[in-house]
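Q: I have a model open beside its sequence, and I would like to learn how to read its features. Could you take me through a few of them?

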Amino acid sequence: MINDLWYKNAVVYCLSVATFMDADGDGIGDFIGLERRLDYLQGLGVTAIWLMPFQPSPKRDGGYDISDYYGVDPDYGSLGDFVAFTHAAKQRGLRVLIDLVVNHTSDKHPWFQSARSDPHSRYRDWYVWSDKRPANADEGMVFPGVQTSTWTHDEKAKAWYFHRFFDFQPDLNTANPEVQAEILKIMGFWIELGVSGFRMDAVPFVIAEKGAHVKGKPREHFTMLRDFREFLSWRQGDAIILAEANVLPKQDMDYFGDDADRMNMMFNFQVNQATFYALAAHDARPLVKAIERTKPRPLSCQWGIFLRNHDELDLGRLTETQRQTVFDAFGPDKRMQLYDRGIRRRFAPMMDGDQRRIRLAYSLMFSLPGTPVMRYGDEIGMGDDLLLRERECARTPMQWTAEAHGGFTLNERSVSPVIASGPYGYPHVNVADQRHDAGSLLNWMQGMIRQRKEAPEIGWGDVVSLQTEHPGVLALRYDWRGNSVLCLHNLDAKPVELRLETGVAKPAGAVLVDLLTGARSEAGADGSHTLMIDGYGYHWFRVGGLDALMRRHTT
């Protein structure tokens, strides 16, 4: 069962082929370049690679406007290059996940071109049309301030079409059985080419009822998710779907399924947003509440835990006061903000490059309940370029060396400007230099990834929050198969002395061994531990020490 549920104790690394490594010198990353960097990823310790869209696209929305679901954009190589990459990844024990973007297509997709050209086209009903402008056309925009409507009139079709996102991304009519069958066909195609699953984009919109007749909150077709899951299980038993679904906790089970028959994984946006508030306010209590609210889930399902991703940091689930606290701490300049709801920055600049806070935050991320999902470049503390528009500022090329263009390309121009100057420029922040620095963020991150993989209690176990007298200290204990791991994080700059009861009975609870340093703590006569935690400090303790570790290996 554990092998089938490989994602429960995985470490996922998200990257864009376009900005990772250019092998042919045209200034654009490609699959040949990515394949050459697989040994780096294997050495880092990640176990799965999540690729952002790489299919043919006009690239008006970072590739999320797909014009052919069955190909590779020529900028990145060929289908043969893709298969060579997945084969090479498999040889190194790395799984590949790809984006599944099926809520909408590009308006250049042949399906839409046919649909708009002929009312009798077989693809006409693959999209959502209205003879007149719907009354709610000015509601429900995903990108407020950039979008002006969710319906656009098409002169050729002589009708209005629906688009939850930009007007060049017409929504597919996902309620149409033919469209659903095509989605399964797309999934099956890429499974045959070596992928282990999909990160499904905008899942709530995929399953939502669409059309001019929809009033208020649209009805959701959750049976569609079960159909996707059943197909994957039939084609490849251990393939997964990781859902992008920023929903309230009361809906979590609708997406996982009471019988664990829908989504295998979901990103935990509640915990993500609470984490940033906790870091900004030095207060762990709202984060504890978010963990508790999102705790219920089927045993075989899992949360995806992340700090930053390719989008803006969405703060829409926080209260207005909490949101302002995060803005003040990490995005005080309006240039750093996006859509009045989020922050469009990389993580290291949000922490002002403070290594103590960066390492605290990643230790926290790796020890939150779920599977950690990293963003490329964050392992070396890459920065952002706020001169670039919207979310592009945090999607700059990977910085490999201190050589020209950060070692990303030999071309004088690149798909996106490489950060060349300032404290986050490639002369100062790059893989090559950090590899040779024992105290670098990269080497620290490699050690933390190894430690996370060696603590399966976090991925598999039951989590319990322990009470402390300090609101800035988060104490989480994970129990699994008779073993326990206790993770402590001090979100405050001030050191604290902490008296803590582990909640694990003697003799196991009498000894704590720090997995990161080897230091030991012996319980006092009352069974509690007195621990000193530095400002922005963190500890991962095995409860019971070596005896418990040996029991785990022999269980």
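A: Gladly! Let's begin with a definition: a disulfide is a pair of cysteine sulfur atoms within 2.5 Å. Please keep in mind that this is a predicted model.

Q: How many disulfides does that rule give here?
A: The count comes to zero.

Q: Is Cys 14 buried or exposed? And Cys 393, buried or exposed?
A: Residues count as buried under 20% relative accessible area. Cys 14 is buried, at 1% relative accessibility, and Cys 393 is buried too, at 0%.

Q: Now the strands, please. In what order do the eight strands close into a barrel?
A: The general idea is that strands of a sheet pair through backbone hydrogen bonds, either parallel or antiparallel. In this model the order around the barrel is β1-β2-β3-β7-β8-β9-β10-β14, with parallel pairing. From one strand to the next, the twist averages 25°.

Q: How many bridges join β1 to β14?
A: Three bridges link β1 (residues 12-15) with β14 (residues 371-375), and the two strands run parallel. To find the place by eye, look for Val 12, which stands opposite Val 373 in β14.

Q: Which strands does helix α5 lie across?
A: Helix α5 (residues 177-192) lies across β3 (95-100), β7 (197-200) and β8 (240-243). Relative to β7, helix α5 runs at about 135°.

Q: What about two helices, α9 and α10: at what angle do they pack?
A: Two packed helices are described by the angle between their axes and the distance between the axes. Here α9 (residues 269-281) and α10 (residues 285-293) pack at about 170°, with axes 8 Å apart. Angles over 145 degrees count as roughly antiparallel, so α9 and α10 are roughly antiparallel to each other. Residues making the contact include Val 271 and Ala 274 of α9, and Leu 287 and Ile 291 of α10.

Notes:
Residues are numbered from 1 along each chain as its sequence is written. This is a predicted model: local features need pLDDT of at least 70, side-chain atom pairs count only at pLDDT 80 or more; totals for chains, interfaces and linings use all residues. Side-chain values use heavy atoms; hydrogens and water are left out. Buried means under 20% relative accessible area, exposed over 50%, partly exposed in between (1.4 Å probe, protein chains only). Two strands pair if DSSP finds at least two bridges between them. Helices (H or I, at least four residues) and strands (E, at least two) are DSSP runs, numbered from the N terminus. Axes are lines fitted to C-alpha atoms, for helices over the stretch in contact, and angles run from 0 to 180 degrees between N-to-C directions. Contact means heavy atoms within 4.5 Å. Angles under 35 degrees count as roughly parallel, over 145 as roughly antiparallel, 65 to 115 as roughly perpendicular and the rest as oblique.
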